[in-house]
Amino acid sequence: MARPYAPMQRKASRKRAAPYRFRLVVMVKAPVAGAVKTRLARDLGVAAACRFARHTAAAVLQRVAGDSRWQTVLAVAPDAALAARWWDRGLPRMGQGSGDLGRRMASLIRAMPPGPVVIVGSDIPNITPAPLASAFRELSRHQAVFGPAEDGGYWLVGLNWRARAVAAFVGVRWSSRHALADTVANLRGRSVAYVANLADVDDGEALVKHSGRLGRRVANPCR
């Protein structure tokens, strides 16, 4: 089970406080050789995969974490790495807990205060704030939103307050071309929207395909 969400130490003025805030949860994994980006490591080697994970996470946080339209929360795995210095220490953190990806995401969403929640990974080199803002806008009209990925999965998922009780992630075939379809099927009867299609880099083929668009902050082991 995910560790409880810990709010930022800096408190907003009561006079200006909104009834709720948009919250962006970025799932990060400790960049430890042999324990991170294992599919990529099989293609490129353990050291290269670890380096890519570290630089990509830094680039993702640099691009999206400072946006004032939402509060960014780091969801860290494993929980023992909560105090690690690999990531921005000014951001609130929580542990991802145990279980498969679906169980961990469900726990993270349940742990958030009221309001729309969007979850992304830290392996999306082309991410920008624009599709995240679109996702939060969609959650004012729909109960769920997805950012499809090229491999049949998704790089973004968001739920509004009314949809949080739905078992959206049960029985999903993760790391397959069925992941998005399975999750949407679990949301049958709910209003679903979509934002931009982006690539999450899980293996060597995806890295080579998108190497020209990674940006200077992302180390490219192919070069």
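## Basis and overall make-up

Two strands are taken to pair if DSSP finds at least two bridges between them, and the strands themselves (E, at least two residues), like the helices (H or I, at least four residues), are DSSP runs numbered from the N terminus. The structure is a predicted model, in which local features need pLDDT of at least 70 and side-chain atom pairs count only at pLDDT 80 or more, whereas totals for chains, interfaces and linings use all residues. Residues are numbered from 1 along each chain as its sequence is written, and side-chain values use heavy atoms, with hydrogens and water left out.

The protein contains six helices and seven strands, which follow one another from the N terminus in the order β-α-α-β-β-α-β-α-β-β-α-β-α. Of its 223 residues, 52% count as buried, where buried means under 20% relative accessible area, exposed over 50% and partly exposed in between, for a 1.4 Å probe and protein chains only. Among contacts (heavy atoms within 4.5 Å) with a separation of 6 or more, 68% join residues 24 or more positions apart. The accessible surface comes to about 11300 Å², and 51% of this belongs to carbon and sulfur atoms; such areas come from the Shrake-Rupley method with a 1.4 Å probe, and for residues only the protein chains shown count as cover.

Strand β2 spans residues 71-77, and because seven of its seven residues are buried, the strand is largely enclosed by the rest of the structure. Both of its faces are covered, with Gln71, Val73, Ala75 and Ala77 buried on one side and Thr72, Leu74 and Val76 buried on the other. With β1, β2 pairs in the parallel sense over seven bridges, and alanine 75 of β2 is the bridge partner of methionine 27. With β3 (residues 93-95), β2 also pairs in the parallel sense, over three bridges; here valine 76 stands opposite glycine 95 of β3.

Alanine 77, in β2, has a relative accessibility of 12% and so counts as buried. Residues up to four places away in sequence being left out, alanine 77 touches Val28, Lys29, Ala30 and Gln96. Its C-alpha atom is separated by 7.4 Å from that of glycine 97, which lies 20 residues away along the chain.

Helix α2 (residues 46-64) has 19 residues and reaches 27 Å from its first C-alpha to its last, close to the 27 Å expected at 1.5 Å a residue, the expected span being 1.5 Å times one less than the number of residues. The buried residues of α2 include Ala49, Phe52, Ala53, Thr56 and Val60.

Glutamate 138 belongs to helix α4 (residues 129-138) and is buried, with a relative accessible area of 17%. Apart from neighbours within four places in sequence, glutamate 138 is in contact with Val145, Ala193 and Val195.

## Aromatic pairs

Rings of Phe, Tyr and Trp (its six-membered ring) pair if their centres lie within 6.5 Å, with planes under 30 degrees apart counted as stacked, over 60 as edge-to-face and the rest as tilted. By this rule there are seven aromatic pairs. Phenylalanine 22 and phenylalanine 136 form a stacked pair, at 4.7 Å centre to centre with 5° between the planes. Because phenylalanine 22 lies in the segment before β1 (23-29) and phenylalanine 136 in helix α4, the pair ties together parts that are 114 residues apart in sequence. Phenylalanine 22 is partly exposed at 29% relative accessible area, whereas phenylalanine 136 is buried at 2%.

One aromatic cluster is formed by Phe146, Tyr154, Phe169, Trp174 and Tyr194.
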